[in-house]
Amino acid sequence: MYNIAKSRIQKGVVTEELTLIGEALKSEIQKKFNRSLHIREVDTGSCGACESEIISTTNPLYDIQRFGVDFVASPRHADALLVTGPVTLNMAVALKRTYDAMPTPKFVITAGDCAFDGGPFKGSYYIEGGVSKIIPVDFHVPGCPPKPIDLIKHILLAVKNIKVN
């Protein structure tokens with residue numbers, strides 16, 4: 001019983017912080033894009049933990065879509081690219097093609113320690129390294145894996161710092 005009450009208190013605190021961050025994100029997206037922000041997510045060989053956290057940003061607790069962020073299936077519809085995982089040799093070309101297919105202006109966010117420099121896979125014969133070796137990276141979300149609230153905070157920072165038109 002104590003653990004349930006503790007969990008609910010913690011989630012309530014997250015929700016208050018999330019509401020403040022989310023409203024700031026929504027306001028910033030409206031200023032910069034005058035519509036919602038569309039993100040294409042690419043997994044370049046991760047273990048799946050970062051994707052699990054990204055999916056959690058769309059669950060009923062975080063619900064990032066209410067703040068104007070949508071995940072899209074095509075890079076041609078995306079404003080931003082969210083990349084996870086160390087870049088494997090097979091995914092290096094696919095990542096570059098996905099980046100090239102995006103319309104400008106565009107920006108790249110990496111999530112997780114593997115996307116930064118290869119993480120625990122750094123130096124492996126099948127890993128190119130961090131995403132920045134393949135495409136230009138504008139923002140990085142640290143963590144292994146980063147929490148959903150950290151992803152939302154860093155998307156806010158990325159949107160604040162991007163120059164559109």
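Contact here means heavy atoms within 4.5 Å, and on that basis 81% of the contacts in the chain between residues at least 6 apart in sequence join residues at least 24 apart. This is a predicted model, in which local features need pLDDT of at least 70, side-chain atom pairs count only at pLDDT 80 or more, and totals for chains, interfaces and linings use all residues. Residues are numbered from 1 along each chain as its sequence is written, and side-chain values use heavy atoms, with hydrogens and water left out.

**View 1. Overall fold of the chain.** The chain holds 5 helices and 7 strands, where helices (H or I, at least four residues) and strands (E, at least two) are DSSP runs numbered from the N terminus. Read from the N terminus on, the elements follow the order α-β-α-β-β-β-α-β-α-β-β-α. The C-alpha trace spans about 50 × 40 × 25 Å along its principal axes. The radius of gyration, taken over C-alpha atoms, is compared with a globule rule of 2.2 Å times the number of residues to the power 0.38; for 165 residues a compact globule would have a value near 15 Å, and the 16 Å of the chain agrees with this.

**View 2. The largest nonpolar core.** A nonpolar core is a set of buried Ala, Val, Leu, Ile, Met, Phe, Trp, Tyr and Cys residues joined through side-chain atoms within 4.5 Å, with buried meaning under 20% relative accessible area (1.4 Å probe, protein chains only). The largest such core has 27 residues, and Leu25, Leu37, Phe107, Ile109, Ile155 and Val159 have the most contacts inside it. At least two residues of this core come from each of α1 (2-33), β1 (37-43), β3 (80-84), β5 (107-111), β7 (139-141) and α5 (148-161), and α5 gives the most, with 7 residues.

View 3. Once neighbours within four places in sequence are left aside, Ile155 is in contact with Leu25, Leu37, Ile39, Ile64 and Ile109.

**View 4. Thr57 in its loop.** Thr57 is placed in the loop between α2 (49-56) and β2 (69-71), and it counts as buried because its relative accessibility is 2%. If residues up to four places away in sequence are not counted, Thr57 touches Tyr62, Asp63, Ile64, Phe71, Pro148, Leu151 and Ile152.

How values were computed:
Buried < 20%, exposed > 50% of the residue type's maximum accessible area, 1.4 Å probe, protein only.
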